[in-house]
Amino acid sequence: MTFLTFSFFLASIAAVSVPILLHLLMRGKPKKILFPALELIRKWQKSNRRRFAIKHFLLLFVRCAVLLLFGLALARPAFRSKNTESSAFFGRTGSAPTAAVLLFDTSVRMGYASEGQTRLDAAKAFAEQIVARLPSGSQAAVLDSRPAHDAFQVDLLAAAERVRRLEISPSGRPVADSVAAALRLLETSERTRRELFIFSDITAAGWPQSSEAIVHRAAVSAERARRSDQEPIQTFLIDLSVPEYQNTGVVSMEITDDGTGSDGSLRLDLELSHIGSPREGIIELFLLDTNAAPNDSSEAPKEISASAKKIAVEPFSFPDTAGFERRCVTMRLSASEIGFVQGFVRMTPGGSLAADDVRWFAFDRRPKARILLVAPEPAEEKTLFVREALAPEEFRKTGRTPFEVETLSQEKYLTLSETDLAAYQAIFFLDPAPLSESGWKKTADFVSAGGGAGFFLGRAATPPEGFENSDARALLGGRPISQIRSPDGDRPLVSANDEHSVLANFHTWLAAGKIPWNEIPVFRSWKMERLDSANEPILQFADGSEALYARRLGRGVSLVSTTPFSDASGSGTAWNLLPAGEHAWVFLMLVDGVAHALTTGGGEVLNYAPDETVTLRPRIKIFPDSVILTLPDGQKVPLAADAAERTVRFSAADKIGPYRVESEPNEEGESVASGFCVNIRPSDLELIPVVSERLEKIQNELSFKTIERVEEIESGRSAGGGLEIFPLAVLLCALFLAAETVLANRFYD
Amino acid sequence: MAVSQQQYLKPEVIRTIGRLDLKAQFIVKGFMHGLHASPMHGFSVEFSEHRRYTAGDDPNDIDWLIYAKTDKYYVKKFEAETNMTGYLVVDSSRSMGYTYRQELTKFDYAVCLSAALAYLMIHQQDPVGLLTFDERITRSITPKSRRSQLGTILSTLANLRPTGSTDIAAALAQTAAMLRRASLIMIFSDLFGDQEEIFKTLHRLRHAGHDVILFHILDEAEATFPFHGQVEFEDPESGRKICGDADGLRKDYRLALDEFRQEYRHRCNSARIDYVELDTSIPFDKGLLEYLTHRR
C-alpha cells in the first residue's frame with residue numbers, strides 16, 4: 001500500500017492515542033449512592049461488569065477506528081492487487097494516483113504535417129487526453145528532447161499547460177536519450193502506479209543504435225520496483241509515425257571557395273532529399289543585406305524576401321520514389337559578393353516538413369592567405385609534406401588552392417625585412433634550428449602585429465639554449481629541455497580541447513571517436529619547460545605531455561608542435577608517421593586547421609549546428625570589450641568579448657537562422673561586422689522509420705506497449721495497476737462515525 | 001378550593017405542613033372532597049330510624065322530607081354497621097428513611113399515609129391501633145375509637161425515627177401472636193427482606209382471621225432507577241456495596257423489580273391480601289382509596 005500524504009496517516013495513528021488515554025484517565029472513582037434495593041441488582045453484578053467492559057471497549061474501538069479511517073482517507077491510500085477481480089470489488093481499477101511522465105520527441109521531424117496537423121500537434125492532443133484522465137492526486141512531468149532539469153509539475157493543470165506550450169526544438173538529444181532520465185524521475189515517485197508515455201514518430205534519428213543507458217536504467221528501475229515491492233514502471237509508446245511520408249527538402253549544404261569558378265565565385269553544394277510522389281520545384285538562393293536589420297527570419301523565411309536579394313534559381317525534379325532519394329545540386333555565388341555574406345536557400349514549393357525547406361549559410365570570403373614555409377636546408381625537401389597539404393601541386397597549377405604557399409630556407413628568412421614579412425599572413429617554421437636574436441625579434445613583432453607563426457620542433461631544435469631568448473619564450477611559451485623517446489610509438493596523440501578551432505575539421509569524427517590516433521605513432525618529441533599558463537592545449541600525448549598548443553601574442557597567434565610535421569618515413573629515424581602513415585588524412589586536416597588558425601587569427605567557423613559553441617575571431621586592431629549579438633528573431637543581446645584572446649564566444653545558439661555580431665566603432669573607426677548561421681543537423685531531418693528489428697529490440701528493452709488511441713491505455717495496463725481506497729476509507733469512516741453515535745447514545749442514554 | 005384541597009394528596013405539598021395531625025386532616029379532606037362525599041357519613045355508618053330533633057344535633061341530619069310532610073323536625077338516626085379494629089403496622093427500619101431525590105422519605109410517606117388512615121378511622125368510630133417495628137415490634141398502641149386515640153397515634157408517629165435493620169417476617173410473626181381479635185392490619189413497608197418468611201407470616205395473619213392490606217412503599221428512585229454512569233451502590237442497612245454501570249443495570253433492575261412486585265401481587269392475591277404498590281411520588285389517595293374499598 002502506498003500513500004499520497006503519509007503524514008496524515010501518521011497523524012491519525014498519533015490521534016488514536018487520545019481516546020485511549022481518555023479511556024484510561026476517565027476510569028476514575030464511581031459515584032457513591034445509597035440504595036436499599038441492593039438485592040435486586042446483586043445477581044446482575046457480574047454480567048453487568050462484563051457488559052460494561054465490552055461496551056466500553058467497543059466504543060473505544062469505534063472511536064479509534066473513526067480517527068484512523070479519517071487519517072487514512074486524508075492520506076489517500078492506494079494498494080496494489082495483482083488480482084483484477086479483487087480490485088474490481090473495491091471499485092474501478094486504475095483509480096489510484098499515478099505518476100506519469102510524458103516524454104515528447106520535439107525534434108524538427110515532429111513538425112512533419114499530415115492531414116493539416118503536425119506530429120507534435122497530434123502528440124499534444126493525445127497528451128491532453130491522458131492528463132485529463134489521470135486520477136485525482138496524480139503527478140505528471142512533461143519532458144522534451146532538450147536536456148533540462150527533470151521534475152514533476154506542480155499539478156495536473158500545470159502539466160496540461162506545459163503540454164500546450166511545447167514547441168519544436170531544433171536542438172536537443174534523440175528522444176531515446178531522454179528515456180533514461182524519465183525512468184529515473186519515475187523512480188523518485190512513490191505513487192502506486194508509474195507510467196511513462198513516449199510520444200515519438202519512431203524515426204531512426206530519434207532511436208539511435210546505442211541504447212545501453214536505456215537498458216541499464218530499465219533494469220535498475222525494474223530491480224528497484226521489485227525490491228520496494230512496487231509495481232514496475234509501465235511504458236507506453238504513442239506511435240505518431242506516418243505510413244507513407246511525402247517530402248522533399250534541403251538536408252545539407254556546403255559552401256566552398258574552391259577557386260574553380262571563372263569569376264572567382266563561391267560554390268554551394270546542396271543535398272536534396274526526397275520521398276513519395278513525383279515533385280518538381282525550384283531552389284532559390286538569397287543573400288541577406290547585412291546592413292539591414294534582421295527580422296524574425298527563422299520563423300518565416302518567406303517574409304524576409306524584401307530585405308534579401310535573390311541571386312540564383314535552380315530547378316529540381318524527383319520521380320515517384322518508394323524509398324529516400326538524395327540528389328546534389330550545385331549553385332554559385334558570384335565574386336561580386338566577396339566579404340562577409342549571409343544568405344539562405346529556399347525550396348519552393350515547400351514540403352510537408354517545413355524545417356528542411358530553408359537552409360542558411362554564412363561565409364567570410366577573404367583574399368587567399370599567403371603562407372611562408374621556413375625550414376633549414378634543404379628547405380624544399382623539408383617543407384614538402386606541409387606544402388603539399390596546404391597547396392597540392394595539381395591545384396597550384398590551376399590556381400584552386402585556398403592558400404598561396406612559398407618556401408624559404410631559415411638562413412634566407414633571417415635576411416627578410418619586416419616589410420617583406422608583412423606580405424604574409426602566416427609563417428610555418430618546420431623543424432627549425434634556434435633563430436638568431438634578431439630573427440626571434442622579427443618573428444615576435446610579426447606575430448604581435450596580427451600574423452601567425454607555427455613552430456614544429458624537431459631534430460634541428462638544438463641546442464635548446466638557443467630558445468632561451470625572451471622573444472623566443474614569448475612565441476613558444478617555454479623552451480625545449482629534453483627529448484622524449486618512445487621507440488614503439490606507444491604515446492599516441494589525443495585531443496586536449498575538442499572545441500579548439502584547429503580541430504574544427506575534426507568535429508564530426510571527434511564526436512564519434514573515430515580519429516585513429518592510436519594508429520599514428522609518434523616516436524620522439526620535445527619536452528617543454530612551461531613558462532606560464534597562457535598556453536592553450538590542442539593535442540597532447542597519452543602521458544599528458546604537450547603535443548600541440550597555441551598562445552596569443554599581441555594581435556597574433558603562435559602554435560607550437562613538440563614533434564615535427566616534416567619527417568619522412570623512409571629515413572628510419574622519423575620522429576613520427578603523421579604525414580606519411582596510413583591515416584595521412586588526419587595530417588591533412590590538421591595542417592589545414594593549423595593554417596586556418598594562423599591565417600585567420602585562430603581560425604573561424606561561421607556555420608554551426610544548434611547548441612554548438614560559436615567562436616568568432618573578428619579581425620580588428622583594437623578589440624572591443626563587448627559586442628551586440630542580433631538573434632534570428634531580431635532580439636539584440638549584449639555579449640562580452642574576450643579581448644585577451646580576441647574571441648567572441650556564444651554557447652546558446654539554439655535558434656535556426658542568421659546571427660549578426662556588431663560593435664560600436666573604435667578609436668580608429670573600425671567596428672566588428674561579422675556573424676554566423678545555425679542550421680539543423682542533417683541527421684535530424686531524416687524521416688527514416690526505425691527498422692522493425694531495431695523496434696523489436698527497443699520494445700524488448702523497454703517492455704512498452706504501442707498505442708494509437710487513449711482508450712488503449714486502460715486495456716494496456718497490467719492487472720491491478722493500483723487501486724485507490726479513498727472512497728472506501730471515507731465510507732468506512734462515515735459508517736464508524738454513525739456507529740459511534742448510535743452506540744454512545746445507546747450506552748449513555 | 002376544591003383544587004387546593006386536592007393538592008394535599010401530593011407528597012411534596014404535604015411535606016410543607018409541619019404538624020402531623022394537620023397533614024392527616026388535609027390528606028383525608030382532600031381525598032374525600034375528590035370523592036364528593038362527607039367523610040363522616042355514608043360508609044361505615046348507616047341509617048336506622050328517625051327521632052325528634054333536639055338541641056345539639058347536627059342540623060345537617062335533619063330530614064327535610066319528613067319536615068315537609070309533618071312540619072316537625074326529625075333527624076335521621078345512624079348506627080355503625082360494624083366496628084372494625086384496625087392496626088397500622090409501620091416499618092421503621094433504616095432503609096425506610098431513604099430517598100434519592102424526593103421530598104419525603106419512604107418512612108415519611110408511610111407516616112403521612114398511616115396518619116391519614118388513622119384520622120379517617122377515628123372519624124368513622126373505628127378503633128385503631130399502631131405497631132412499629134424494625135427487627136421486632138418497637139412500639140405498640142392498643143386500638144381505641146376515642147378521639148383522643150388519634151392524638152396518641154399521631155404523637156407516636158411524629159416522634160418516630162427510622163433506625164436499625166429490619167426483619168419484617170419476625171415483626172409480623174410477633175404481631176400475629178399479639179392480636180387476639182380479627183382485625184384489619186395495614187402494613188407499611190418496603191418489604192426488603194426474606195420474601196418466603198414474609199409470606200409465611202402474612203399467611204399466618206390471614207389464618208388468624210385478619211384482613212391484611214400490604215402497602216408496599218418504595219422510593220421513587222427505587223421504582224425508576226434514574227442513575228447513570230459508574231455507580232457504587234451501598235445498602236444503608238447492611239453497608240454492603242455493589243459497583244456497576246447504572247445505565248447497563250437499569251433494564252435488569254426494572255425487570256427484577258417487576259418480578260419482585262409480581263411475586264407479591266400474585267401471592268397476596270392468592271392469600272386474599274390487598275397488595276398496594278406505592279412509591280413516594282404517588283399521591284396519597286391511592287392508599288386511602290384502597291382502604292375505603294376494603295372497608296366497604
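Which strand do three bridges join to strand 28 of chain A? The partner is strand 31 of chain A, residues 647–650, and the two run antiparallel.

## About the model

This is a predicted model, in which local features need pLDDT of at least 70, side-chain atom pairs count only at pLDDT 80 or more, and totals for chains, interfaces and linings use all residues. Residues are numbered from 1 along each chain as its sequence is written, chains are lettered from A and ligands numbered from 1 in the order in which they are written, and side-chain values use heavy atoms, with hydrogens and water left out.

## A sheet in chain A

Start with the sheet that holds strand 28. Seven strands of chain A form an open sheet with mixed pairing. Their order is 27-33-32-29-30-31-28. Strand 27 (607–608) and strand 28 (614–616) stand at the edges, each with a single partner strand, so one side of each has no neighbour in the sheet.

Two terms need their rules. Strands (E, at least two residues) and helices (H or I, at least four) are DSSP runs, numbered from the N terminus. Two strands pair if DSSP finds at least two bridges between them.

The size of an interface is often given as the accessible area lost when the parts come together. Between chain A and chain B, the buried area is about 2700 Å². Carbon and sulfur atoms give 65% of it. Buried area here is the accessible area (1.4 Å probe) that two parts lose on being put together, summed over both. In contact terms (heavy atoms within 4.5 Å), 23 residues of chain A meet 33 residues of chain B.

The rule finds 10 residue pairs in polar contact across this interface, both residues being at pLDDT 80 or more. A polar contact is a pair of N or O atoms within 3.5 Å; within protein, one must be able to donate a hydrogen and the other to accept it, and residues adjacent in sequence count only if both atoms are side-chain atoms. On chain A, strand 2 (31–34), helix 2 (39–42) and helix 3 (45–74) each give two or more residues to the side that touches chain B. Helix 3 gives the most, with six residues. By class, this side of chain A has 12 nonpolar, two polar and nine charged residues. Ala, Val, Leu, Ile, Met, Phe, Trp, Tyr, Cys and Pro count as nonpolar; Asp, Glu, Lys and Arg count as charged; the others, Gly among them, count as polar.

## Salt bridges

Side chains of opposite charge can pair when their charged atoms come close. The rule for a salt bridge is a side-chain nitrogen of Lys or Arg within 4 Å of a carboxyl oxygen of Asp or Glu. The whole structure has 35 salt bridges over all chains. Three cross the interface of chain A and chain B. Asp252(B) and Arg51(A) meet in a salt bridge, at 2.4 Å from N to O. Within chain A, Glu468(A), Arg473(A), Arg479(A) and Glu529(A) are linked in a network.

Lys382(A) forms a salt bridge with Asp431(A), with the closest N and O atoms 3.9 Å apart. Lys382(A) lies in helix 9 (residues 379–382) and Asp431(A) in the loop between strand 19 (426–430) and helix 14 (437–448), so the pair ties together parts of chain A that are 49 residues apart in sequence. Lys382(A) is partly exposed at 21% relative accessible area, whereas Asp431(A) is buried at 2%. The cut-offs are under 20% for buried, over 50% for exposed and in between for partly exposed (1.4 Å probe, protein chains only).

## Inside chain B

Chain B has 11 helices and 10 strands. Of its 296 residues, 51% count as buried.

One salt bridge in chain B joins Lys106(B) and Glu222(B), at 3.1 Å from N to O. Lys106(B) lies in helix 5 (residues 106–123) and Glu222(B) in helix 9 (residues 220–224) of chain B, so the pair ties together parts that are 116 residues apart in sequence. Lys106(B) is buried at 0% relative accessibility, and Glu222(B) is buried at 0%.
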